[in-house]
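Please open the model in a viewer and follow the stops below in order. Each stop names a selection and then describes what is found there.

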Amino acid sequence: MSEQSLRQEERPQHQAERPAHVDAGDAGYSKSLKARHVNMIAIGGAIGTGLFLGAGGRLKDAGPSLALAYAVCGVFAFLVVRALGELVLHRPSSGAFVSYAREFLGEKGAFAAGWMYFLNWATTGVADITAVATYTHYWGMFTEIPQWVIALIALAVVLTVNLISVKIFGELEFWFAIIKVGALVVFMAIGIFLLVTREQVAGTSTGPSLITDHGGVFPHGALPMLLVIQGVVFAYASVELVGVAAGETENPEKIMPKAINSIMWRVGLFYVGSVVLLSMLLPSGSYSGDESPFVTVLSKIGVPAAGGVMNLVVLTAAMSSLNSGLYSTGRILRSMAMSGSAPRFTGAMSRTHVPYGGILLTSSFCVLGVGLNYVVPDEAFEIVLNFAAIGILSTWAVIMLCHLLFWRRAQSGQVSRPGYRLPGSPYTEVVTLGFLASVLVLMWADGGPSRLTVMALPAILAALVIGWYASRGRVKDPS
């Protein structure tokens with residue numbers, strides 16, 4: 001028996017363990033997601049648009065040091081999802097961290113957490129449809145179609161699919177993830193082959209010399225690497241999705257730990273490994289924010305069709321992210337609606353157990369993104385990326401804060417921690433919260449849209465306060 005277990009047994013039971021919290025927002029869902037769905041949702045959450053589209057511009061700005069940024073942010077992303085995993089095993093809920101915020105922070109905390117998560121995915125959805133339009137313009141036959149038209153079509157297709165049933169969502173995400181992982185594995189195999197055979201790419205010799213001969217790991221200094229961190233955080237925006245899916249999963253106690261633990265090596269292999277490989281295939285200055293770095297490489301090795309295939313894959317990644325965003329916000333908003341913190345219609349559920357009200361609300365917000373693509377097509381992605389980063393930071397902070405309060409209750413004997421735990425508590429939570437705060441500082445230092453986003457924080461907080469006072473009259477305990 002472990003020392004920690006002995007301490008728990010020896011602790012005076014001065015306070016009885018609290019009864020399990022029950023969230024009415026969890027009622028009505030079908031347990032249709034299987035182990036293979038959840039495992040691939042975890043993979044899909046760790047591999048998204050931020051890698052496929054965003055890595056090109058960041059690689060150009062920060063050089064090979066981008067791999068270090070991905071590694072550091074990946075560690076903290078894993079700690080966040082590990083904390084969420086322990087809370088899930090404490091009590092699986094489709095409301096996920098909003099339900100946990102209600103349990104540990106009260107209704108005010110749940111209100112703020114839920115609407116900041118909505119901001120996260122609503123703006124991420126705009127980024128995703130912008131990415132779809134950008135990818136589609138890669139093919140000449142679509143260049144004459146306005147970017148906003150393509151964005152609207154993409155939103156309509158994903159919305160239709162998402163409204164059918166959770167089982168269809170799970171199947172779609174399963175195959176989306178298969179495509180993403182398969183494409184990355186094939187690309188890495190091609191890249192390794194080029195390195196081993198010393199083949200040239202666009203007349204440039206491949207290998208580690210591309211890094212050493214072009215300024216090393218930090219070709220532009222350490223500052224650019226620090227400044228791209230908020231964009232790197234966006235790349236991991238979907239890791240918490242696996243916690244939302246737990247509420248519609250069979251046997252989460254068995255499935256969730258395996259799915260969450262595998263995220264760490266996926267981050268190391270696909271993010272860090274891909275950036276290192278890309279840095280040894282072309283000089284970092286050869287990449288661009290206007291094109292996926294994988295497309296850049298494959299288009300330059302003399303096989304134009306390869307670039308087209310990879311472009312189709314990254315388009316799939318964007319569609320996958322949009323699909324996930326509609327899924328998760330639908331569940332979160334329903335959990336909030338049951339307590340009165342969200343409009344009543346977002347609590348509506350179809351005969352196929354789909355909370356369509358919340359899905360439609362998120363889709364309506366994404367329509368504003370279609371308008372953004374019409375007004376400023378060249379800046380749409382960067383604008384929404386920064387607002388999504390704010391939503392992600394707040395979501396991760398709420399998860400760690402809830403876990404810290406959960407740990408404190410466990411120490412006082414009010415609750416029991418499951419065997420699957422976040423290591424290093426409470427220091428892990430404090431360090432992670434410090435990291436998230438430092439990202440805000442970096443966003444301010446970056447200037448431009450990032451600084452404007454930080455400056456918008458008082459307005460966002462004011463909107464939350466106004467929203468709370470406007471809705472508190474109908475807020476009730478949903479348990």
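Begin with the lining of the second largest pocket, whose residues divide into 19 nonpolar, two polar and one charged. In these classes, Ala, Val, Leu, Ile, Met, Phe, Trp, Tyr, Cys and Pro count as nonpolar, Asp, Glu, Lys and Arg as charged, and the others, Gly among them, as polar. The model is predicted: local features need pLDDT of at least 70 and side-chain atom pairs count only at pLDDT 80 or more, whereas totals for chains, interfaces and linings use all residues. Residues are numbered from 1 along each chain as its sequence is written, and side-chain values use heavy atoms, with hydrogens and water left out.

Select Ala112, Met116, Ser394, Leu461 and Leu464, which lie nearest the centre of this pocket among its 22 lining residues. The pocket has a volume of about 450 Å³, a volume being the space filled by probe spheres set on grid points joined across faces, edges and corners. On a 1 Å grid over the protein atoms alone, a pocket is an open set of points with protein on both sides within 12 Å along at least five of seven lines, a cavity is a set where a 1.4 Å probe fits but cannot get out, and lining residues have an atom within 4 Å of a point. Helix 20 (457-471) is among the helices that each supply at least two lining residues, together with helix 6 (96-136), helix 17 (380-411) and helix 18 (427-446). The largest share, seven residues, comes from helix 20. Helices are DSSP runs (H or I, at least four residues), numbered from the N terminus.

Next, select Pro64, Leu210, Ile211, His214, Gly216, Ser279, Leu282, Pro283 and Ser284, which line the second largest cavity. This cavity holds about 40 Å³ of space.

Move to the largest nonpolar core, where Tyr70, Phe187, Tyr236, Met310 and Trp396 touch the most other members of the 151. Helix 6 gives the largest share of this core, 22 residues. Such a core is a set of buried Ala, Val, Leu, Ile, Met, Phe, Trp, Tyr and Cys residues joined through side-chain atoms within 4.5 Å.

Finally, select residues 293-300, helix 14: six of its eight residues are buried, so this helix is largely enclosed by the rest of the structure. Buried means under 20% relative accessible area (1.4 Å probe, protein chains only). Just after helix 14, glycine 302 takes a positive phi of about 90°.

Definitions and conventions
Buried means under 20% relative accessible area, exposed over 50%, partly exposed in between (1.4 Å probe, protein chains only).
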